[in-house]
Amino acid sequence: MTQLRVSLNREIRHLLGEWNLGVGEEAAVVVARPLLLSRLKSPSASVLPTLEGILMQNDLYGEEFIQNSDILRQLLGVLLIDSDWENIATAAANAVRMQVMQRISA
């Protein structure tokens with residue numbers, strides 16, 4: 001489970017990096033990680049079959065981290081709910097807004 005958590009944290013960072021969030025990226029990651037941990041600690045009943053299916057795939061665990069981005073992104077899509085993504089987006093937007101406001105007042 002620790003290996004899965006670390007792998008998912010790496011994947012969410014990669015995913016958010018691909019979205020070119022600029023100054024909002026780090027804020028989005030900071031919000032995403034605890035949400036992800038919370039969802040992993042207490043997965044909803046609808047997520048359990050997907051989570052169990054992934055955990056049973058022995059071929060994913062050949063290295064220190066799970067390297068299969070497709071599987072990890074599929075799991076991110078199942079674990080994080082719409083309100084989680086909204087919180088992540090809001091954090092990124094707020095970071096951008098803060099930078100704009102700092103630049104204006106400088």
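The model is predicted, so local features need pLDDT of at least 70 and side-chain atom pairs count only at pLDDT 80 or more, while totals for chains, interfaces and linings use all residues. Residues are numbered from 1 along each chain as its sequence is written, and side-chain values use heavy atoms, leaving out hydrogens and water.

View 1. Helix 5 covers residues 82–105; helices here are DSSP runs (H or I, at least four residues), numbered from the N terminus. The expected span of a helix is 1.5 Å times one less than its number of residues. For the 24 residues of helix 5 that gives 34 Å, which agrees with the 34 Å between its end C-alpha atoms. Which residues of helix 5 are buried? They are Asp84, Ile88, Ala91, Ala92 and Ala95, where buried means under 20% relative accessible area, exposed over 50%, and partly exposed in between (1.4 Å probe, protein chains only). An α-helix has 3.6 residues a turn, so residues three or four places apart point the same way. The buried residues of helix 5 pack against helix 1 (2–18), helix 2 (24–41) and helix 4 (69–79), with contact meaning heavy atoms within 4.5 Å.

**View 2. A pair of tryptophan rings.** Searching the whole structure turns up one aromatic pair. Rings of Phe, Tyr and Trp (its six-membered ring) pair if their centres lie within 6.5 Å; planes under 30 degrees apart are stacked, over 60 edge-to-face, and the rest tilted. Trp19 and Trp85 have ring centres 5.9 Å apart and planes at 50°, so this pair is tilted. Trp19 sits in the loop between helix 1 and helix 2, and Trp85 in helix 5, so the pair links distant parts of the chain, 66 residues apart. Trp19 counts as partly exposed at 43% relative accessibility, and Trp85 also counts as partly exposed, at 23%.

View 3. Look for Glu11 in helix 1. Is Glu11 buried or exposed? Its relative accessibility is 4%, so Glu11 counts as buried. Leaving aside residues up to four places away in sequence, Glu11 touches Ser69, Leu72, Arg73 and Leu76.

**View 4. Asn9 in helix 1.** Asn9 belongs to helix 1 and is buried, with a relative accessible area of 13%. Not counting residues up to four places away in sequence, Asn9 touches Arg33 and Leu36.

Terms used: Helices (H or I, at least four residues) and strands (E, at least two) are DSSP runs, numbered from the N terminus.
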